[in-house]
Amino acid sequence: MNNTIAVTAVVPAAGAGKRMKSNQPKQYLSLAGKTVLEQTVAKLLASQHVNRVVIALSEGDEYFPSTELANDERITTVLGGKERVDSVLAGVNTCNPNEWVMVHDAARPCVRTSEIDELVSQCINTEKGGLLAAPVKDTMKRGTKSGDVSETVERELLWHALTPQMYRAGELADAISQGLENGVAITDESSAMEAAGFPSMLVSASSDNLKITQPEDLAIAEFILTQQLRSDSHATQQTITQQTSTQEQD
């Protein structure tokens, strides 16, 4: 990694996740032996490019102190806001304006570290912000308020916006602040940047980078994450075997 490049990951984790129908926030639900938040942050810190993670927490968060994250020197916390965008801005404001910052949803634990690295690489090489995204595969329909089909939408150039989304901290903070002042509907970081006139690059990623929103998503995420962990373990074992074989030959 080029030591002159500092990449900070901001994780908004102040939400209640009411659609999960749980008695605790979804980011603290159990997933493959850890909390969702711990699994998500582990993916970020596994990237060779991420040197710091800023987590925006709700006031009076009683769950975070009991996680392994609370004692990790690479992690700092800030007080989040009422909306996701408020938490993102609080985290981004801790960064140097010229620093690259990536924002990643707390409830996306299945992001692939290799795709995080690819996003960073492309943003750095092109000096342009961007986001992970997956091409739309299904036929898309636009509906009416009454629930009928209005039209079939051409899917050729449509993408599902994912996270992380990465931009210069100063530009992102200004774009969010400007958007909030102008009443822009900021649904993600890219939407704020677009409204402010900044370009956003689409970096193709896997659709298994799902966001845990409904109760059934937790089981799907557990399956995906378990498969990823097995694959990583197998790859590591193969590397060890190859190294041992080489040493024996020497």
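Visitor: How many salt bridges does the structure hold?

Guide: The structure holds seven salt bridges. This is a predicted model, in which local features need pLDDT of at least 70 and side-chain atom pairs count only at pLDDT 80 or more, while totals for chains, interfaces and linings use all residues. Residues are numbered from 1 along each chain as its sequence is written, and side-chain values use heavy atoms, with hydrogens and water left out.

Visitor: Why is the contact of Arg 112 and Asp 208 called a salt bridge?

Guide: The term requires a side-chain nitrogen of Lys or Arg within 4 Å of a carboxyl oxygen of Asp or Glu. For Arg 112 and Asp 208 the N to O distance is 2.7 Å, so the pair is a salt bridge.

Visitor: What makes Asp 208 buried?

Guide: Buried means under 20% relative accessible area, exposed over 50%, and partly exposed in between (1.4 Å probe, protein chains only). Asp 208 has 16%, so Asp 208 is buried. Arg 112 has 36%, so Arg 112 is partly exposed.

Visitor: Which residues are linked in a network of salt bridges?

Guide: Arg 84, Asp 105, Arg 108 and Glu 189 are linked in this way. Within it, the closest N and O atoms of Arg 108 and Asp 105 are 2.9 Å apart.

Visitor: Why is the pair of Tyr 28 and Tyr 63 called stacked?

Guide: Rings of Phe, Tyr and Trp (its six-membered ring) pair if their centres lie within 6.5 Å; planes under 30 degrees apart count as stacked, over 60 as edge-to-face and the rest as tilted. Here the centres are 5.2 Å apart and the planes at 25 degrees, so the pair is stacked.
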